[in-house]
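Dear colleague,

Please find below the sequence and structure that I am handing over to you. My notes on what was found follow directly after it.

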Amino acid sequence: MAVDSLYSPPSGAPDPDLQMGLELMAHQRRAQLIRLLKTAAVWTVLVGLMTAFLLQLKFDPAYIFQHYQIVLEGVPVTIGVSLVSILFATILALFGALGRLSNNSIAQGVSSLYVSVIRGTPLLIQIYVIYLGLPQIGQQLVAAGYPTLGNMFTLSALQSGILALSLNYGAYMTEIFRAGIQSIAYGQREAAVSIGMTPWQTLRRIILPQAVRIIIPDIGNQFIAMQKDSALVSIMGIWEITYRANRFARKDTKFMEMFLLAAALYWILTIISSWLENRLERRLAHAYER
Amino acid sequence: MNDDTALIRVDKLHKWFGMLHVLKGVSFSVQPKEVLVLIGRSGSGKSTLLRCINFLEEPSAGTITVGGVSVTMAPGQRLDHRKALAIRLQTGMVFQEFNLFPHMTALGNVIEGLVTVRKMPRDQAIALGEKYLEKVGLLDKRDVHPIRLSGGQKQRVAIARALAMEPKVMLFDEPTSALDPELIGEVLDVMKQLALEGTTMIVVTHEMGFASDVADRIIYMDQGEIVEEGTPEQIFSSPKDERTQTFLKPLLRLQHL
């Protein structure tokens with residue numbers, strides 16, 4: 001067929017001004033590096049000043065070095081709780097978003113009430129309701145002659161924590177998913193429908209893969225925020241970072257030492273998560289790069 | 001025209017957008033292997049008519065028959081989605097804005113319907129997909145994502161995607177209107193080739209040169225009605241209706257420049 005591409009492959013002859021372009025790029029890279037070094041210098045000075053200040057006030061770094069192991073052992077618990085919760089929250093959010101976008105009034109009602117109630121109440125209250133409130137209902141059910149059902153209402157601290165975090169973040173992420181799905185151009189739906197796809201196939205094969213790429217940074221942000229909000233589950237005595245720090249700080253009245261250590265651990269977690277999220281984002285962008 | 005052999009029949013089709021009466025009882029039919037070109041001003045209803053045929057727009061009233069599947073709509077009546085799907089499977093659609101799936105390669109776009117809708121085994125779908133990419137001259141772009149294709153190449157992949165489903169009729173909705181002028185030719189060449197091979201086609205376009213070269217029949221629409229219908233010679237050389245004459249006069253002068 002007499003149809004040829006307008007793009008010609010790059011020809012062999014080198015660009016006579018190539019040197020200029022290379023120099024320009026090297027210059028830009030150098031400027032970027034200098035900016036990075038300057039920021040690092042400012043950080044170092046600030047942290048140094050604060051450390052010096054604390055050391056003047058009988059801050060005891062040796063205590064941290066003797067006891068960091070105990071708090072460090074809470075890191076896997078914090079990561080575990082956050083990972084499982086973000087997974088459940090993502091699933092909840094997907095269904096929440098589908099409900100909000102659906103024409104079915106029951107689905108829409110259920111998901112809009114869920115989002116409204118959860119976003120309208122503090123996470124701490126939600127934890128209390130699940131951990132302390134539900135067993136009270138459960139006992140009444142047991143008394144009323146439904147022992148299996150009643151016992152299901154009595155959740156362990158870990159189960160309560162994961163449930164509360166999942167429900168809470170699921171509600172916020174419902175809005176993220178909804179916006180992501182709505183941001184996909186209508187033409188994509190039409191193209192899918194025109195080759196005979198059902199609404200479900202269109203969602204699964206065309207809309208969601210594109211929407212997920214758009215909302216990955218937001219999900220990453222939620223995960224990073226959740227790692228810190230998971231500190232709230234320490235009130236139920238789950239042995240994660242905050243609970244361990246608190247417990248030992250109380251014993252030896254070394255609050256500043258232990259809580260700064262906990263803070264540092266959360267900070268490092270956040271930096272690592274941001275870096276991972278960045279990499280994932282770049283991998284998903286592959287199809288969209290020229 | 002003998003209606004019994006028609007592949008597509010549209011009967012008294014009405015479409016309302018709110019209070020806007022966009023299609024006012026349009027009727028026509030298309031024979032197998034026929035190329036029908038719809039022309040008319042923006043807002044004349046020609047794109048809406050095309051989109052009603054595969055139910056991207058839900059007709060307000062009237063009957064649409066494609067390859068023996070017939071759907072009759074009336075106000076207050078719900079669309080039978082199974083029948084609409086059966087009709088969609090017999091029609092291939094090419095959009096003005098291409099609407100390629102950006103997260104899939106060129107080949108991925110072409111085989112998507114085969115794998116997901118037709119449940120064809122993957123290797124078989126790939127073989128068929130490559131055949132249709134070759135047909136539009138883009139086999140060398142099989143693993144390239146749409147963002148790295150020119151507009152003309154995108155539209156040719158979109159044509160291959162529609163062809164791969166082996167529909168009985170191809171619908172083209174202003175396929176070259178979003179393209180830079182120098183890219184229009186490659187898309188029109190592919191469409192001409194399809195016409196020569198006997199593909200049944202309905203084309204909405206502003207390319208009058210293409211219409212006069214390729215069309216078996218031309219319909220001129222204005223304000224939701226078919227004003228005039230005839231062979232390219234009849235429409236372009238001796239249009240009967242005054243509205244057709246005023247529409248074509250400046251366009252034809254441009255073509256001769």
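**The contact between the chains**

Across the interface of chain A and chain B, the rule finds 2 salt bridges. Please bear in mind throughout that this is a predicted model. The two chains bury about 2900 Å² between them, and 61% of that area is on carbon and sulfur atoms. Chain A gives 27 residues to the contact, and chain B gives 37 residues.

One salt bridge between the chains joins B:E112 to A:R205, with the closest N and O atoms 2.7 Å apart. B:E112 is buried, because its relative accessible area is 3%, under the 20% limit. A:R205, with a relative accessible area of 30%, is therefore partly exposed.

**Salt bridges within the chains**

Over all chains, the count by this rule comes to 17 salt bridges. In one of them, A:R100 pairs with A:E175, and the closest N and O atoms are 2.7 Å apart. This pair links distant parts of the chain: A:R100 is in helix α3 (residues 75–101) of chain A, while A:E175 is in helix α7 (residues 157–182) of chain A, 75 residues apart. A:R100 has a relative accessible area of 26% and so is partly exposed. The relative accessible area of A:E175 is 17%, so A:E175 is buried.

In chain B, the side chains of B:K12 and B:D11 also meet in a salt bridge, at 3.8 Å from N to O. Is B:K12 buried or exposed? B:K12 counts as exposed, because its relative accessibility is 53%. B:D11 stands at 35% relative accessibility and therefore counts as partly exposed. Elsewhere, salt bridges that share partners bring A:R100, A:E175 and A:R178 into one network.

**The nonpolar cores**

The largest nonpolar core contains 123 residues, and those with the most contacts inside it are B:F28, B:I159 and B:I202. Another core, of 17 residues, lies apart from it and includes A:V71, A:A231, A:M258 and A:L269.

Which residues surround B:I202, leaving aside its neighbours within four places in sequence? Among its contacts are B:I8, B:F28, B:V30, B:L36 and B:L38. B:I202 is also in contact with B:L50 and B:I53, both of which are buried residues of α1(B). Further contacts of B:I202 are B:V169, B:M170, B:L171 and B:F172.

Helix α1 of chain B spans residues 46–53 and is mostly covered, with 7 of its 8 residues buried. Besides B:L50 and B:I53, the buried residues of this helix include B:K46, B:T48, B:L49, B:R51 and B:C52.

B:F55 follows α1(B) and has a positive phi, near 65°. B:F55 is placed in the loop between α1 and β4 (61–66) of chain B. This residue counts as buried because its relative accessibility is 4%.

B:K119, a residue other than glycine, likewise has a positive phi, near 55°. B:K119 is placed in the loop between α3 and α4 (122–135) of chain B. At 57% relative accessibility, B:K119 counts as exposed.

**The nonpolar surface patch on chain A**

A:V42, A:W43, A:V45, A:L46, A:L49, A:W267 and A:I271 make a nonpolar surface patch of about 750 Å². Two helices of chain A, α1 (18–56) and α11 (255–284), each supply at least two residues of this patch. Which helix gives the largest share? The largest share, 5 residues, comes from α1(A). A:W43 is found in this helix.

Helix α11 of chain A also holds A:T270. A:T270 counts as buried because its relative accessibility is 16%, whereas the limit for buried residues is 20%. Not counting residues up to four places away in sequence, A:T270 touches A:I224, A:Q227 and A:K228.

Yours sincerely

Terms used: Residues numbered from 1 in each chain as written. Chains lettered and ligands numbered in written order. Predicted model: local features only at pLDDT ≥ 70, side-chain atom pairs only at ≥ 80, totals over all residues. Heavy atoms only, no water. Core = buried A, V, L, I, M, F, W, Y, C linked by side-chain atoms within 4.5 Å. Buried < 20%, exposed > 50% of the residue type's maximum accessible area, 1.4 Å probe, protein only. Contact = heavy atoms within 4.5 Å. Patch = residues over 30% accessible without salt bridge, like charges linked within 9 Å, V, L, I, M, F, W, Y side chains within 5 Å. Areas by Shrake-Rupley, 256 points an atom, 1.4 Å probe, with all protein chains shown as cover. Salt bridge = Lys/Arg side-chain N within 4 Å of Asp/Glu carboxyl O. Helix = DSSP H or I, 4+ residues; strand = E, 2+ residues; numbered from the N terminus. Buried area = accessible area lost by both parts, 1.4 Å probe.
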